[in-house]
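Dear colleague,

I am handing over a structure for your attention. Please open it alongside this message, and then read the notes that follow.

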Amino acid sequence: MHTNETLLCIQCRHDLPYAYYHEKNNPLKKLFFGKLPIVSATSLFLFHKNGTAQTLIHLLKYKQQEYIGSFLGYLLAEELKKNQLFDTIDMIIPVPIHQKRITKRGYNQLTLLGKTLSKELQIPFNESILIKTEPSRTQTLKNKLDRRKNTENSFKLTDTSVLENKKILLLDDVITTGATIEACARELLKTKNVAISIASVAHTPNF
């Protein structure tokens, strides 16, 4: 069993491609400008092909290395603690995957990540209130328009009253075009007086 300290050596952790979006001009928040009323947005890493972030996420999602979610949740919590804009979050909600995908993989890659983030930040984690209503094919080779069409009307809230007047942190692993986050956020925004912030493990810059 790996721990947060032993999964990567000190040098490897030092070389991780941190985005540092809490310290400078934020390209992730710009991605949703004019599309969604996002309070704040941040990402832990920059996602580059064949880079360390891609390797970690690939192992987490496709190689049954679920424990990596705990490691990434711990690192993301460390970064969010540096940004006062996330201090008032009431609930963490992960981007859901369809039950067929969970059955095939055995888990949602965001579950352990979200639970670790919840524990570190002392914020409730709820993965049952937003669900994926239909399976979708991989987004990897799709362009921006196709990704948006692939996610439209794919998510549903099971209960809006729980989220009324709440500040929500919507959690994802990788944000590229933002189509999936946008679809989830639009469903969440059907709730009265809800405010949405976004956090992801990685962001693909200049997609």
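Before the description begins, one definition is required: two strands pair if DSSP finds at least two bridges between them. Strands and helices are themselves DSSP runs, of at least two residues (E) for a strand and at least four (H or I) for a helix, numbered from the N terminus. Please note that this is a predicted model, in which local features need pLDDT of at least 70 and side-chain atom pairs count only at pLDDT 80 or more, while totals for chains, interfaces and linings use all residues. Residues are numbered from 1 along each chain as its sequence is written, and side-chain values use heavy atoms, with hydrogens and water left out.

The sheet

Four strands form an open sheet in the order β1-β6-β5-β2, and their pairing is parallel. At the edges stand β1 (38–46) and β2 (91–94), each of which pairs on one side only. From one strand to the next, the twist averages 20°.

Strand β5 (residues 167–175) and strand β6 (residues 195–203) are paired in the parallel sense over 8 bridges. Within this pairing, Leu171 has Ala199 of β6 as its bridge partner, and Leu170 stands opposite Ile198 in β6. Strand β5 also pairs with β2, again in the parallel sense, over 4 bridges. There, Pro94 stands opposite Leu171 of β5.

How much of β5 is covered? Of its 9 residues, 7 are buried, where buried means under 20% relative accessible area, exposed means over 50%, and partly exposed lies in between (1.4 Å probe, protein chains only).

Helices across the sheet

Helix α6 (residues 111–121) lies across β2, β5 and β6 and runs at about 135° to β5. Helix α8 (residues 179–188) also lies across β2, β5 and β6, at about 165° to β5. For these angles, axes are lines fitted to C-alpha atoms, for helices over the stretch in contact, and the angles run from 0 to 180 degrees between N-to-C directions. Contact means heavy atoms within 4.5 Å.

A residue in strand β1

Thr42 belongs to strand β1. Is Thr42 buried or exposed? Thr42 is buried, because its relative accessible area is 6%. Not counting residues up to four places away in sequence, Thr42 touches several residues, including Tyr21, His22, Phe86, Ile198 and Ala199. The C-alpha atoms of Thr42 and Ser197 are separated by 8.5 Å, although these residues are 155 residues apart along the chain.

A pair of helices

Helix α3 (residues 52–62) packs against α4 at an angle of about 135°, and their axes are 9 Å apart. Helix α3 is therefore oblique to α4; angles under 35 degrees count as roughly parallel, over 145 as roughly antiparallel, 65 to 115 as roughly perpendicular, and the rest as oblique. In this contact, Leu56, Leu59 and Leu60 of α3 meet Ile68, Gly69, Phe71 and Leu72 of α4. The contact residues of α3 and α4 divide into 6 nonpolar, 1 polar and no charged. In this division, Ala, Val, Leu, Ile, Met, Phe, Trp, Tyr, Cys and Pro count as nonpolar, Asp, Glu, Lys and Arg as charged, and the others, Gly among them, as polar.

Salt bridges

A salt bridge is a side-chain nitrogen of Lys or Arg within 4 Å of a carboxyl oxygen of Asp or Glu. By this rule, the count comes to 5 salt bridges.

One of them joins Lys81 to Glu120, with the closest N and O atoms 3.7 Å apart. Lys81 lies in the loop between α4 (68–80) and β2, and Glu120 lies in helix α6, so the pair ties together parts that are 39 residues apart in sequence. Lys81 is partly exposed at 49% relative accessible area, and Glu120 is partly exposed at 29%.

Another salt bridge links Glu182 and Arg186, at 3.0 Å from N to O. Both residues lie in helix α8, 4 residues apart, about one turn of the helix. Glu182 counts as buried, with 9% relative accessibility, whereas Arg186 is partly exposed, at 42%.
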